[in-house]
Amino acid sequence: MIEIKNLTKDYGGHIAVDDISFVVNDCEILGFLGPNGAGKSTAMNIITGYLSATKGSVSVNGYDVLEQPIEVKQEIGYLPELPPLYLDMTVKEYLNFVFDLKKVKLPKGPHIEEICKLVGIKDVYHRLIKNLSKGYRQRVGIAQALIGNPKVIILDEPTVGLDPKQIIEIRNLVRMLGKNHTVILSSHILSEIQAVCDRVIIINKGKIVADDTPKNLSNNLSNDLSLSVVFEGEKEEIIKALKQVNGIKTIDFVKEKDGECEFNIEPRAGYDIRKQLFDTASLNNFAILKMSSNSLALEDIFLRLTDESYSAEAIKRSLKTKKDKEEK
Ligand code: ADP
């Protein structure tokens, strides 16, 4: 378990991490999400003991980062954004070197072999690291993080620069590691967090702006989101009738086909307009053929939480674009 209490990092007047607190439970995969400069790497570097905090405390499986730094480092396997690889070594030489450096007490040959099997680098074991693809280098970086047999794994942007196939492979690997490790993973590739993590912490300007499961975040924020409604009837008549509904903020026409008109309708904050829509349709004799809530993708949630200027209009536009893409 990792416990972070009131953590602050002040880089000489610039507050990079601002009084954040959270707990990561055993065998939880936590996604750390935020725009560039949000403070993710700073927080991760403090948790791993590479940076000192200005205020606050971090404990990893009961060891305090400041008071028991060696024990903390033994608990953690860390893959920084740029994997610390020696390009002129072979994978074998490098992993043996890391094993010795970390003074691991397990039987060397079998332990390294097991890790190579786990991360899928057995085929390249005798190759020079400089001749490996980015995906394989990343796996060697993960192998390096696993050498000390840590209970906690911290991965800073592990899929940056990888191709889609490599991304899927690394995601599968992270999921597998999460079965018996506590994992913190930072990313700005948001679908990754959705695909891999049990929980997501969104950080912006050094502060936590959300802490929840990807599913809850999406549900909570979509309460006041627009509805996609398909009516049977004449466009202008429908719009005229909808304008009488008190709880509607905006009516956005999407398309008309074979006498069916589709709209995105955004309610005013706090209004549930579904019943009113039904009553209005019934009163004016146009049937509702479909009504569904436009759920938010994590991308939209992220923009909502981290950018105050990101308007409802922009969210609606992005939903529309997404829908158009799906239809194509
Ligand atoms: P992220 O990993 O989310 O991109 P960082 O933790 O790297 O964010 O950076 C957070 C903020 O702290 C940024 O504004 C960055 O410019 C600043 N920062 C990072 N490292 C230093 C440093 N060594 N000295 C001064 N400012 C720094």
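**Exercise 1. Which residues form one aromatic cluster with F231?** Then classify the pair of F231 and F286 as stacked, tilted or edge-to-face.

*Solution.* The structure is a predicted model.

Step 1. The cluster consists of F231, F253, F263 and F286. In total, the model has seven aromatic pairs.

Step 2. A pair of aromatic rings is described by two values, the distance of the centres and the angle of the planes. For F231 and F286, the ring centres are 5.5 Å apart and the planes stand at 85°. Planes over 60 degrees apart count as edge-to-face, so this pair is edge-to-face.

Step 3. Locate both residues. F231 belongs to strand β11 (residues 227-232), whereas F286 is in the loop between α10 (274-283) and β14 (288-293). The pair therefore ties together parts that are 55 residues apart in sequence.

Step 4. Consider accessibility, where buried means under 20% relative accessible area. F231 has a value of 0% and is buried; F286, with 5%, is buried as well.

**Exercise 2. Describe how helices α3 and α5 are arranged and which residues join them.**

*Solution.* Step 1. Helix α3 covers residues 91-101 and helix α5 covers residues 134-146. Their axes come within 9 Å and cross at roughly 25°.

Step 1. Angles under 35 degrees count as roughly parallel, and α3 and α5 are therefore roughly parallel to each other. Their crossing is right-handed.

Step 2. On the side of α3, the contact is made by V91, Y94, L95 and V98; on the side of α5, by V140, A143 and Q144. Sorted by class, the contact has six nonpolar residues, one polar residue and no charged residues.

**Exercise 3. Is H111 buried or exposed, and is L82 buried or exposed?** State also where each residue lies.

*Solution.* Step 1. H111 is found in helix α4 (residues 108-119). The relative accessibility of H111 is 8%, so H111 counts as buried.

Step 1. List the contacts of H111, leaving aside residues up to four places away in sequence. The residues touched by H111 are F99, V104, L106, L146, I147 and N149.

Step 2. L82 is placed in the loop between β6 (76-79) and α3. Exposed means over 50% relative accessible area; the value for L82 is 73%, so L82 is exposed.

Step 3. L82 and E157 are 75 residues apart along the chain, and their C-alpha atoms are separated by 8.9 Å.

Technical notes:
Residues numbered from 1 in each chain as written. Predicted model: local features only at pLDDT ≥ 70, side-chain atom pairs only at ≥ 80, totals over all residues. Heavy atoms only, no water. Axes fitted to C-alpha atoms, helices over the stretch in contact; angles between N-to-C directions. Helix = DSSP H or I, 4+ residues; strand = E, 2+ residues; numbered from the N terminus. Parallel < 35°, antiparallel > 145°, perpendicular 65-115°, else oblique. Left-handed = near helix turned anticlockwise from the far one by under 90°. Contact = heavy atoms within 4.5 Å. Nonpolar A, V, L, I, M, F, W, Y, C, P; charged D, E, K, R; others polar. Phe/Tyr/Trp six-rings, centres within 6.5 Å; stacked < 30°, edge-to-face > 60°. Buried < 20%, exposed > 50% of the residue type's maximum accessible area, 1.4 Å probe, protein only.
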